[in-house]
Amino acid sequence: MEWRVAAIISLWLIAGAYSFPSVSDSFENDLESQARLFLAEYDRQSSEKCFNAANANWNYATDIRDETEKIKLQKSLENSKFQKEAWKNITIQFKTRENFQDPVLVRTFKKIAIIGTSASALPEERLKEFKQLQNTMSKIYSTAKTCAYEDVTECNLSLDPDLTKIMKESRDEQQLRHAWKEWHDKVGVPIRQYYKPYVDFSNEIAKTNNFSDAGAFWLREYESETFKEEIEQLWQTLKPFYQQMHAYVRAKLRDTYGDQFTEDGLIPAHLLGNMWAQSWENIYSLVVPFPEKTSIDVTEQMKQQGYTPLKMFQVSDEFFTSLGLIPMPPEFWKESLLEKPNDREVVCHASAWDFCNRKDFRIKQCTVVTTEDLITVHHEMGHVQYYLQYKDQPLIFRRGANPGFHEAVGDTLALSVITPKHLKEIGLLDDSTPIDDYETSINFLLSMALEKIAFLPFGYLIDKYRWDIFDGTVEPSNYNAHWWKLRREYQGIKPPVERSEENFDAGAKYHVPADVEYLRYFVSKVIQFQFHRSLCLEAGQYDPEDPRKPLHNCDIYRSKAAGSKLAAGLAMGSSRPWPEAMKVMTGQDKMDASAIREYFKPLEDWLILQNAKLAQPPGWQKSTNDLESEAHSYLVELDQLSSQKCYESSVAEWAYATDINDENEKVKLELSLDSAKFSKEISQNVTATFPLWREFKDPDLVRKLKKITILGAARLPDDQFKKYAQLETDMTKHYSTTTICSFKYKETCNLSLEPELTKIMRESRNEEELRHVWTEWHDKSGGPIKQTYKKFVEISNQAAKLNDFNDTGALWLNSYESETFKDDVEELWQTLKPLYQQIHAYVRAKLRNVYGDQFSDDGLIPAHLLDIVVNAEELCLASFLKFEFK
Ligand code: BJ2
Ligand code: ZN
């Protein structure tokens, strides 16, 4: 390899030197043709390095040994080193590549740039370390063995086929639980320690490529700034349907595993027929809508007819070629590994391989004769078909239009293959079986939904989880908690056994230790229905206007028209942005859930009815933890908003209190109505969003929420509140504006409480004057508001009751947060009463000296002789206490 790299570098350095006489237009064009030559040479050498790496990787994956592992690592490093050299060379030779006229050249260099720098981002030693780390994780996954449920000393059970079979076939809850726990413990736990270093490496590589983190680096392949939002949008569109499915399946599973279900509405993860609960077709027999009608499980038929894994691949190949697509080449049949060998360890997880030499394409799959695997066979064959279709593109464009496209090809065809109509045609369903009635369609659609719809939240959350880890939102100390948070939130499932931060349950899913981006499968699930719809139209097998030709019955078998439409898009590889490839295949240039919705429409309608009949409200409870953290964030947001509102009404109240006029009064009343509405809204919000807030663990949070939900008068209906606020304003206004006439100058009638009357009460010793002021004040300020007060009491009691208090007194007392507060105050009073009485007796004796004739035998002091202007505030408990505790 060394001499080749050296040669290419020197070739281009020399060529560069020769063509640098001056910078001119012709020079630019020269440079572009040089670039083309360069790329041709790059393509040749890069393909060779890629082949060597793929070959060594294959040798390892089909025979896991130290020796094969060593060679795999070596070849992969050689490939990276080559990419690095090539990249260095490009940066020197083609500095102006971004300004090239030919857009294909620009796109090519852009793609090489990322591949080149991603491979060379780390120094060679570190890169080696990273690759070893990846290998360690994958090896743990691929070679893990677990112990049997029946005999815990028998510990040689593999995922494929042993655990997969148990998860699929067993209906023994204990056995399922055991298999689930064994796998998650034996794989997740040992992988955990490697994950954080893996995350750091991945982020470092992403950052060197100018991406913020590894999640953003993955998303680059979708070439869209808004891709994440588009995905979220799709999920929101499909979520209600998923929840209907979930509710229906939950109700049915409850019949089988009743004691495993609680009020939370979640489904335990081990009961869904699959180790990761990612698709649920294996529990079809437990949830079948019309058991007496036909069901599309052809496993038994295949077995009876002596199907082998090879036969399954042949059937698939025949379907592809019936569309005029490319048959698998001889090398494929010769070199692929279609069954699990029993003399060595292999990576059993199914995969498709492109050896980068336009010749070798293989599949490696530990195929079992089941319907599920028949679908996987088509899935993998779809990858190879894509490889074959774009094999004449330069290496850099030999990829899917985006990763979701690659995943969708085989699945799209499988949508035809699995129709009852097609299964009859290929002899896997008895010809005499009736399939055209409504019940059979619903059975069929449900089995499809168990595979496709059940998968959606899983397909989304795996990368949501890893995005959160890569961008630092989630710390290593929360790796497992966050996994279950998302599993609960999106899938509505829960772990069958207690989990902790010792565990790393995400690590028990292949793509996490194997470092494979997963959003592709979500994208695929949506776009494969767009592809299907378009190909079905092309094949004349679907007519939106004709109820006898629904989308879910379409089989594109033998339609060359459909085949060539598909091929046209696939052959583009990644040479153009994906919307263009999609346009070729579907006429649309966007992802769109309408096709998948349409396909399942009869089932969705049926489920809604069925769940209503079974009284199964879709959805499930969130966990207290999740709710608590949501409540925290909600309060932070709320605090800002309320502070703003509070400021506005304080300003209005101040304006009014410092200048009582009609305009200010109006503004003040409006704002107080507005803020009452606001308080009511947030209180309702809190009780609706967090109905169980009283059970939250954080006492500070509970205290805050409690304060929010007690509203006082704001809880009154709007018109009542308006009345209340008006009454209050009327009374305080009356109080603040009451004036009386002078005792000495009868015609002067503008004496206010402050300062005139207060001054008289404090300074005058003229009993008649004091009596006049006292009487006038009480008559004029108190008298007229008696009726208003009565109304006010009624309405404020009404508010108190709406807040669950007996009356306004109880509501007031509530702010002291003590059940015994009234008694405590009474006790204080009893303690202080003797002192008060002493003072009273002393003052009475002294006052008698001044106003003797005002005193009788009753021992009472006439109120107007005391230097206190009675006002509401000074009587109220609060200031009484303030005084006491000074
Ligand atoms: C069974 C299937 C993958 C696939 C394998 C492993 C990872 C990538 C490849 C790539 C293909 C390519 C798989 C199927 C649907 C859901 C998902 C799952 N294996 N891969 N080389 N599936 O996509 O075929 O073969 O060229 O990109 O993982 O979770 O089971
Ligand atoms: Zn795939």
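At what angle do helix α21 (residues 560-570) and helix α22 (residues 578-586) pack? In this predicted model, the angle is about 170 degrees, and the axes lie 8 Å apart. Axes are lines fitted to C-alpha atoms over the stretch in contact, and angles run from 0 to 180 degrees between N-to-C directions. Helix α21 is therefore roughly antiparallel to α22 (over 145 degrees). Helices are DSSP runs (H or I, at least four residues), numbered from the N terminus. Lys565, Leu566, Ala568, Gly569 and Leu570 of α21 meet Ala581, Val584 and Met585 of α22; contact means heavy atoms within 4.5 Å. These residues comprise 6 nonpolar, 1 polar and 1 charged, with Ala, Val, Leu and Met counted among the nonpolar, Gly as polar and Lys as charged.

UniProt, in an unreviewed entry, places a "binding site" at His379, His383 and Glu407. Such annotations may be inferred rather than shown by experiment. The three positions span 29 residues of sequence but cluster in space, with a largest C-alpha distance of 7.2 Å. His383 sits in helix α14 (residues 371-389). Glu407 belongs to helix α15 (residues 403-417). His383 is buried at 7% relative accessible area (buried: under 20%, 1.4 Å probe, protein chains only). Glu407 is also buried, at 4%. Beyond neighbours within four places in sequence, Glu407 contacts His379, His383, Arg520, Tyr521 and Ser524.

The mean pLDDT of the chain is 92; pLDDT is the predictor's confidence in each residue, from 0 to 100. Over residues 1-25 it falls below 50. Residues are numbered from 1 along each chain, and chains are lettered from A. Local features need pLDDT of at least 70, and side-chain values use heavy atoms.

Methods:
This is a predicted model: local features need pLDDT of at least 70, side-chain atom pairs count only at pLDDT 80 or more; totals for chains, interfaces and linings use all residues. Helices (H or I, at least four residues) and strands (E, at least two) are DSSP runs, numbered from the N terminus. Angles under 35 degrees count as roughly parallel, over 145 as roughly antiparallel, 65 to 115 as roughly perpendicular and the rest as oblique. Buried means under 20% relative accessible area, exposed over 50%, partly exposed in between (1.4 Å probe, protein chains only).
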